[in-house]
Amino acid sequence: MYEQLNYKSGRLSLKWRGTVFNTDDYDSQLYAYEDGLPMQFDLGTYNGRGKSMFFLASWKAAENLKIAARYEVTYYTDREVYSSGSDLRLTDSPASFHVGCLWSF
């Protein structure tokens with residue numbers, strides 16, 4: 001289940017999405033298309049129990065320049081670590097922050 005809010009005013013655009021998920025195991029994970037930085041999209045994958053959210057802000061700095069930033073975090077309630085092997089993270093709430101731009105000419 002998810003909810004998404006979009007706001008646009010002049011050159012500024014804001015997006016927020018909150019997701020709650022509950023699956024039986026890794027084989028029944030959910031895939032969700034999510035808005036990303038300019039010329040990019042993200043495919044979120046969720047399994048287990050938890051909630052996730054992302055916040056995307058973009059600003060049209062000039063006619064041919066768009067700057068954007070995206071923050072995302074996922075909280076798992078059914079584990080204490082995220083992933084395994086060389087990708088193991090000692091947290092139940094991995095997060096990331098990305099900044100990008102699109103310059104057209």
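So, let's start with Arg 17: its charged end sits over the ring of Tyr 2, 4.3 Å from the ring centre. Arg 70 does something of this kind too, with its charged end over the ring of Phe 54, 4.3 Å from the centre. Keep in mind, everyone, that this is a predicted model.

Now to the rings themselves. How many aromatic pairs does a search of the whole structure find? The search gives four. One of them is Phe 21 with Tyr 76, an edge-to-face pair with 5.7 Å from centre to centre and 70 degrees between the planes. Phe 21 belongs to strand β2, residues 12-22, and Tyr 76 to strand β6, residues 65-76, so this pair ties together parts that are 55 residues apart in sequence. Are these two residues buried or exposed? Phe 21 and Tyr 76 are both buried. Ring pairs also bring in Tyr 46, giving a cluster of Phe 21, Tyr 46 and Tyr 76.

For a pair with another geometry, look at Trp 103 and Phe 105. Their ring centres are 5.0 Å apart and their planes are at 50 degrees, so this pair counts as tilted. Trp 103 is exposed, and Phe 105 is exposed as well.

Last stop, the surface. There is a nonpolar patch here with about 850 Å² of accessible area together, and its members include Leu 5, Trp 16, Phe 55, Trp 59, Tyr 71 and Val 99. Which elements give two or more residues to it? Those are β2, β5 (49-62), β6 and β7 (95-103). Thanks, folks!

Conventions: Residues are numbered from 1 along each chain as its sequence is written. This is a predicted model: local features need pLDDT of at least 70, side-chain atom pairs count only at pLDDT 80 or more; totals for chains, interfaces and linings use all residues. Side-chain values use heavy atoms; hydrogens and water are left out. Rings of Phe, Tyr and Trp (its six-membered ring) pair if their centres lie within 6.5 Å; planes under 30 degrees apart count as stacked, over 60 as edge-to-face and the rest as tilted. Helices (H or I, at least four residues) and strands (E, at least two) are DSSP runs, numbered from the N terminus. Buried means under 20% relative accessible area, exposed over 50%, partly exposed in between (1.4 Å probe, protein chains only). A charge sits over a ring if NZ of Lys or CZ of Arg is within 6 Å of the ring centre and within 35 degrees of the ring normal. Patches are made of residues with over 30% relative accessible area and no salt bridge: like charges are joined within 9 Å, nonpolar side chains (Val, Leu, Ile, Met, Phe, Trp, Tyr) within 5 Å. Accessible areas come from the Shrake-Rupley method with a 1.4 Å probe; for residues, only the protein chains shown count as cover. A salt bridge is a side-chain nitrogen of Lys or Arg within 4 Å of a carboxyl oxygen of Asp or Glu.
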